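The sequence and structure come first.

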Amino acid sequence: MQNDTALISNLKNKDEAALSQLYDAYAPAIYGVIIRMCKDEQHAQNILQDTFLTIWEKSHQYNPDKGKFYTWAYRIAKNKTLNFLRKDKKLIQTEDLSVYKDKEESITDNGDYLQLKGCLKQLEPHHQRALELVYFNGLTHREAHEEMDVPLGSFKSYIKQALKKLKLSYDKAIVWFLILIEVIR
Amino acid sequence: MDKAYILENGIIEQYLLGELSAEDELSLERLLAEDEELMARFKTIEASFESLAFENAVNPPKQVKERLMNSVKGSETKVVSLPKQNPFKNYLAMAASVAAVLLIGSIWMYSQLNKTNKQLQIVEEQNSQLLEDLNGLKGNLETTTAYLDILNSAETKQYILKGNALSPEAKVVSYVNHKQKSVIVNTVDLPKLDNAHNYQMWADVDGEMINMGVIKKDGPLLAMNYIEDAASLNITIEPAGGSDHPTVSRLITNVYL
């Protein structure tokens with residue numbers, strides 16, 4: 001998204017100010033993913049904190065040649081959330097299943113802010129759904145195509161087409177964004 | 001895995017979503033480094049994913065950041081070894097004060113021991129002194145008792161030797177017991193002599209003076225040698241330690257038995 005090279009090298013030198021700035025820049029995006037996956041604010045907050053703690057502690061493992069900082073952070077957050085959900089499901093199964101269902105429903109009812117926004121909304125519903133499943137729900141391609149009840153090949157092409165359309169919208173959006181920044185300056 | 005396969009099967013997407021195995025990740029990374037077109041594709045998809053997240057961002061509560069920054073601060077300051085050193089210092093101080101108390105205690109006890117030892121020594125000295133005195137007294141008592149036996153005996157005869165012109169104040173009481181063959185004299189009333197002279201007692205047997213002994217200066221009662229068939233008792237003044245023959249010119253008293 002932005003040129004974070006200096007910030008990240010400061011982070012690797014255990015500069016708390018760098019961590020603070022990176023948190024401000026990336027935490028909302030990461031939190032958006034976590035909370036849509038686990039659907040529980042309290043746990044999502046803990047996982048977010050834990051994610052950034054890992055970013056702080058393992059910053060030396062991040063290699064900019066292999067991808068953006070966001071990608072690295074996203075994968076840490078996704079793994080942590082999936083681990084939590086697996087543990088949580090095990091716990092829930094020994095208790096009353098309806099509790100979990102109620103919880104899930106209540107959060108989707110109240111969670112208007114969890115409704116997907118932006119260019120994603122301009123996609124066709126099945127493209128939107130496909131991206132949502134793999135990206136915001138943390139499902140693998142295999143799990144997601146079963147969930148949507150379409151063949152894996154079709155599902156993969158949904159994702160590809162969705163991303164292609166997104167790219168077009170983003171290119172436009174970025175132009176507008178750059179103009180906006182120029183105007184503000 | 002080749003380029004066509006990657007593009008066909010959405011491998012880049014799966015890579016970005018973290019769905020690939022470690023093995024597949026490595027081979028894709030290798031291909032990306034070689035193929036610019038693939039790399040460009042990768043960057044496009046990555047950017048789209050990122051934009052997707054930023055568009056759907058949700059602001060977390062401020063406490064999360066506060067907690068994060070606190071825990072990070074905590075982890076950094078934990079390195080400071082103060083809390084580790086403190087207990088050690090405390091133990092050291094405790095050990096030092098215990099040692100100091102023990103040292104002072106030992107010094108005090110040592111001085112007490114010395115004092116007690118000295119007192120014990122004094123008591124022992126006094127004890128042996130008393131024992132000596134007691135022995136002396138016992139001896140005195142024995143001799144006095146022995147003397148008293150003789151003095152009280154019915155067979156004992158008392159003779160009084162009065163001083164002549166040489167020593168008019170002299171008066172010696174002598175007790176003679178012929179049965180027990182003993183002579184005791186009381187010399188309380190003999191005038192004191194200088195250190196160079198002693199009184200000496202003699203018995204006259206057939207005109208010859210036999211030595212009965214030197215009269216010692218330390219006690220009032222004194223046992224002398226008993227001489228058989230003595231006709232008289234005589235006392236002379238002799239040079240210190242006594243003589244073999246009496247100095248008749250210095251005879252101060254005599255009595256006939």
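## Two helices in chain A

The axes of helix α1 (residues 5-12) of chain A and helix α2 (residues 16-38) of chain A come within 8 Å and cross at roughly 130 degrees. That angle makes α1(A) oblique to α2(A). Angles under 35 degrees count as roughly parallel, over 145 as roughly antiparallel, 65 to 115 as roughly perpendicular, and the rest as oblique. The crossing is left-handed (the near helix is turned anticlockwise from the far one by less than a right angle). On α1(A), the contact is made by A:L7, A:N10 and A:L11; on α2(A), by A:A18, A:L19, A:Q21 and A:L22. Contact requires C-beta atoms, placed from the backbone, to lie within 7 Å. Axes are lines fitted to C-alpha atoms, for helices over the stretch in contact, and angles run from 0 to 180 degrees between N-to-C directions.

This is a predicted model, in which local features need pLDDT of at least 70, side-chain atom pairs count only at pLDDT 80 or more, and totals for chains, interfaces and linings use all residues. Residues are numbered from 1 along each chain as its sequence is written, while chains are lettered from A and ligands numbered from 1 in the order in which they are written.

## A bent helix

α2(A) bends by about 50 degrees at A:Y26, and A:P28, a proline, follows within four residues. The bend is the angle between axes fitted to the seven residues ending there and the seven starting there. Just after α2(A), A:K39 has a positive phi of about 55 degrees.

## The sheet in chain B

Four strands of chain B form an open sheet in the order β1-β2-β3-β6, with antiparallel pairing. β1 and β6 (221-224) stand at the edges, each with a single partner strand, so one side of each lacks a neighbour in the sheet. The twist averages 25 degrees from one strand to the next. Pairing needs at least two DSSP bridges. Helices (H or I, at least four residues) and strands (E, at least two) are DSSP runs, numbered from the N terminus.

Six bridges join β1 (residues 157-162) to β2 (residues 171-177). In this pair, B:Y159 partners B:S174. Five bridges link β2(B) to β3 (residues 182-186). Here B:V173 stands opposite B:N186, and B:V176 stands opposite B:V183. β2(B) and β3(B) form a hairpin with four residues between them. In the turn, B:K181 has a positive phi of about 55 degrees.

Note on methods. The expected span of a helix is 1.5 Å times one less than its number of residues. Two residues are in contact if their C-beta atoms, placed from the backbone, lie within 7 Å.
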